[in-house]
Amino acid sequence: MKQRDSIVEARSFDHVPESERHGTVRTQIQFWFMVNATLITLFTGAVGPAMGLGLSWTLLAIVLGSVFGTLFQAFHGAQGPHMGLPQMIQSRVQFGSRGAVLPLAAATVVQFGFAIFFIQTASSSLAAITVDQVGLYDVLIGAVAVVLAIVGYKLLLRVEKFASYITLANLILLTLAAVVVLPIGTMLNNSAFEPVAFLAQFGAAATYQIAIAPIVSDYTRYLPSRTKGRAVSAAVFGGTLVSAVWLESLGAALAIAMPESDVITAIHDMGDSFGFGVGSVTMAVAVVACLITCSLSFYSGSVSFLSALEAFRTMKSTGKVRSVTIAIGGVIVIAATLLLPADFLGAFTAFLSILGYFLIPWTAVNLTDYYIVRRGRYSITDILKPDGGIYGRWGVPGMISYALGFIAMVPFFSTAIYAGPVATALGGADIAFAVGLGISSCTYLLLTRRRDFSREFDAVRAAPLNTLGEPQRSAPASTDSMEGNVPV
């Protein structure tokens, strides 16, 4: 059976040839809208109000922070159709095949870790409108998410597209409910401004968006290579920004109007107060949204894991390998969901936040190389070699830039496990992302500014698979090729 005719996706960490490319920019907008359309996003909007920030200032901080963070996330979108590779394996160019293992490992744990929270949120939402069988729901939701992830990208795209219409309608109803039930006018008139709280809300919104960066190309790589990079980035940007700002704004309003309630409970109560069963409908929609996003976590986590493992052990990228990895990861996640005590979740959330810090210097180095240093001129053939090919096993400039950026971030860390001295002085506001992005990017530019890439680019042109659209004439007829689409 041909790979493109198979029900289960045959690709994992490898290159997607042009013959298997499909989809449009429009479908990407709906896809990325759904990535943030979960009730977990509500919590991000509650950061400022919890520190005394008024609603109007909170909304401004949410918009500014989300725009800032989404820019970095969206720039990764153009890499997918241009390179035909999942996101994290592209790091081999900057870090080397083995040097990239650290950010790959962090991406793996973060994705599988967040799957725990998506399962829990979906189960709690389902229990709120049915009977209290959370343990059973954990297993069922986790199992369905595993199946969706195993079948792969095409099914995920279709499910996301269908769910986006239902979710959009639900968000419109929730917004009407907020206007009717909550004292929005009074809250907007409260102009309380706390600089530290504003900074904290800005940082929370920005970091929430940057956290999506490690998975973006996993889902844009199937677009035809002729797809304009700017159009893809705009689709990713618009889709995730709208859902993030919308839900975070609702979270902020609920946090101010109902400070004693959990924001998820609050949105349920607000919907029920509005009538028409909006609260119950919201919980049902939340189950679907969290289930889908959980499947994305399983999918991207498995791809990152295999990308790291393949640097040490040569393996063939097949649907079976990806499926087995997802299944094993799913069993571990479901078991953790059932076994982790409730009082451990706060510490586990902080642990995942710290792991997320490991990915901020990565995105800075990766984007700086792609848009400024090498400008998208890569040998896909060499990226896929376990020894890194022309990029080697260890990319010293990338590793140094990454390390310096991460070290510089430590004093700015703000989590329940550890708060750095600067974060403490700022009242808990987290601006570590800005420090990591700036230091890593500038360092990488300095370390590569005098490097002569002419020999490397000659090797790129000679590679059977490259991003310059110049595959070797002598390459076997069966060798995949891709058209050039060098970013501007």
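## Salt bridges, a helix residue and cysteines

Glu9 and Arg221 pair up in a salt bridge, with their closest N and O atoms 3.6 Å apart. Because Glu9 sits in the segment before helix 1 (25–35) and Arg221 in the loop between helix 12 (216–220) and helix 13 (229–257), this pair ties together parts that are 212 residues apart in sequence. Please keep in mind that this is a predicted model. Across the whole structure, a search finds 9 salt bridges, while the disulfide count comes to 0.

**Buried salt bridges**

- Both partners of the opening pair, Glu9 and Arg221, are buried.
- Arg11 forms a salt bridge with Glu20, and here the closest N and O atoms are 2.7 Å apart.
- Arg11 has a relative accessible area of 9%, so this residue is buried.

- Asp458 counts as partly exposed because its relative accessibility is 47%.
- Arg461 is likewise partly exposed, with a relative accessible area of 35%.

**A salt-bridge network**

- Four residues, Asp369, Arg374, Arg451 and Glu456, are linked in a network of salt bridges.

- Thr121 is found in helix 7, which covers residues 101–129.
- With a relative accessibility of 12%, Thr121 counts as buried.
- Setting aside neighbours within four places in sequence, Thr121 is in contact with Leu39, Ile40, Ile264 and Cys290.

**Cysteines**

- A disulfide is a covalent bond between the sulfur atoms of two cysteines.
- For a pair to count here, the two sulfur atoms must lie within 2.5 Å, and the total by this rule is 0 disulfides.
- Take Cys294 as a worked case: the closest cysteine sulfur to its own is in Cys290, at 8.7 Å, so the two are too far apart for a bond.
- Cys290 is also one of the residues in contact with Thr121.
- Cys294 is buried, with a relative accessible area of 0%.
- Cys442, in turn, is partly exposed, at 47% relative accessible area.

Key
Residues numbered from 1 in each chain as written. Predicted model: local features only at pLDDT ≥ 70, side-chain atom pairs only at ≥ 80, totals over all residues. Heavy atoms only, no water. Salt bridge = Lys/Arg side-chain N within 4 Å of Asp/Glu carboxyl O. Helix = DSSP H or I, 4+ residues; strand = E, 2+ residues; numbered from the N terminus. Buried < 20%, exposed > 50% of the residue type's maximum accessible area, 1.4 Å probe, protein only. Contact = heavy atoms within 4.5 Å.
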